[in-house]
Amino acid sequence: MQAYGYWTLCNELERLSRIYPFLRIEPIGRSVMGKSIPAIGIGHGTKRIHYNASFHANEWITTPLLMQFLEDLSCAYARGTAWRGANIRRMLSEATLWLVPMVNPDGVDLVLQGVTPDHSHGDLLLAWNGGSPDFRNWKANIRGVDLNDQFPAHWEEEAARRGRSGPGERDYGGEAPLTEPEAIAMANFTEKHSFDLVMALHTQGQEIYWNYRDYEPQESEALADRLALASNYCAVKLTGSDAGYKDWFIQHYRRPGFTIEVGFGVNPLPVETFPVLYEQVVPILLEGLEL
């Protein structure tokens, strides 16, 4: 597998929509630089499930992981065959799954391509990156705001804890919650569908975060244990972290939300690890449809 940027995603979605016309593809908003952020729906059940990836730019490998899952799921659904022991048609008659495979397209392309000569934010980005043209460690969006510190869930406490005074590669939550178009798009999309359960794919650590300040429903820990059992990841009760998408979802809806830290190593995880990462994450994503 090669590096997987925004236009690769667009091309793959066009290909999949031709093969599997039952996929529902719709934009949920636009990035700072005007890229349309696509969501894909599959299934027609009453359970409303949502998975997302690439909130953080240098965690872009989560996008092809989610897209490969979508393709394999769609193939089994179209053929009416079982996949990894799961009855996919039954699953998707009971659940509707919505995927947002690339929340932060501007940031992903920055990590993969660097600052191109005609980049509209080039001078600022280089300044925020200490003059270095190497953006492999960049997590934020193109305005230097960490999209997973952008949500109104004790945002002020997270901002104080981070102690970041301005834009940069990571950990700056912006001037206020929901200032960035990508975060606004995710909040609006979530409110539109009122999901029963969400999962956000991040890297790395082989951990599953399931709680938020005791706002989570009573069953969340047992559900996380099921995900851990399926994957050999570790279910972790996290403290000292606020303002993330999963945090906001749990606080706002009092429903199960999970952050899945895929793989182990240093971000960005090497593309060569993709097959191993996929084997780890598929059982979690399938189990999520059954929870």
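The following paragraphs walk through a predicted model of a single chain, from its overall build to a few local details.

Along the principal axes, the C-alpha atoms occupy a box of roughly 55 × 45 × 35 Å. Of the 291 residues, 56% count as buried. Contacts also reach across the sequence: among those between residues at least 6 apart, 80% join residues at least 24 apart.

Eight strands make up an open sheet with mixed pairing, in the order 1-2-6-3-7-10-8-9. Its edges are strand 1 (24–30) and strand 9 (234–236), each of which pairs on one side only. Neighbouring strands are turned against each other by 25 degrees on average, direction ignored. In general, the strands of a sheet are paired through hydrogen bonds of the backbone, in either a parallel or an antiparallel sense.

Both senses can be found here. Strand 1 and strand 2 are antiparallel and share six bridges; within this pair, Glu26 stands opposite Ala39 of strand 2. The two strands form a hairpin with five residues between them, and Gly34 in the turn has a positive phi of about 90 degrees. Strand 3 (residues 47–53) and strand 7 (residues 197–203), by contrast, are parallel, with five bridges. Here Asn52 has Ala200 of strand 7 as its bridge partner.

The helices come next. Helix 2 (residues 62–79) lies across strand 2 (36–43), strand 3, strand 6 (95–100), strand 7 and strand 10 (257–262), and runs at about 140 degrees to strand 3. Elsewhere, helix 8 (residues 220–231) meets helix 10 (residues 274–290): their axes come within 8 Å and cross at roughly 145 degrees. The crossing of helix 8 with helix 10 is right-handed. On the helix 8 side, the contact is made by Arg226, Leu227, Ala230 and Ser231, while helix 10 contributes Gln280, Pro283, Ile284, Glu287, Gly288 and Glu290. These contact residues comprise four nonpolar, three polar and three charged ones.

The buried residues are Pro105, Asp106, Gly107, Val108, Asp109, Leu110 and Val111. They pack against helix 1 (6–19), strand 2, helix 5 (122–128) and helix 7 (181–193). Just after helix 4 comes Gly114, with a positive phi of about 75 degrees.

Asn58 sits in the loop between strand 3 and helix 2. Is Asn58 buried or exposed? Its relative accessibility is 4%, and because buried means under 20%, Asn58 counts as buried. Leaving aside residues up to four places away in sequence, Asn58 touches Val111, Arg136, Asn137, Trp138, Lys139, Asn267 and Pro268.

Note on methods
Residues numbered from 1 in each chain as written. Predicted model: local features only at pLDDT ≥ 70, side-chain atom pairs only at ≥ 80, totals over all residues. Heavy atoms only, no water. Pairing = 2+ DSSP bridges. Helix = DSSP H or I, 4+ residues; strand = E, 2+ residues; numbered from the N terminus. Axes fitted to C-alpha atoms, helices over the stretch in contact; angles between N-to-C directions. Contact = heavy atoms within 4.5 Å. Left-handed = near helix turned anticlockwise from the far one by under 90°. Nonpolar A, V, L, I, M, F, W, Y, C, P; charged D, E, K, R; others polar. Buried < 20%, exposed > 50% of the residue type's maximum accessible area, 1.4 Å probe, protein only.
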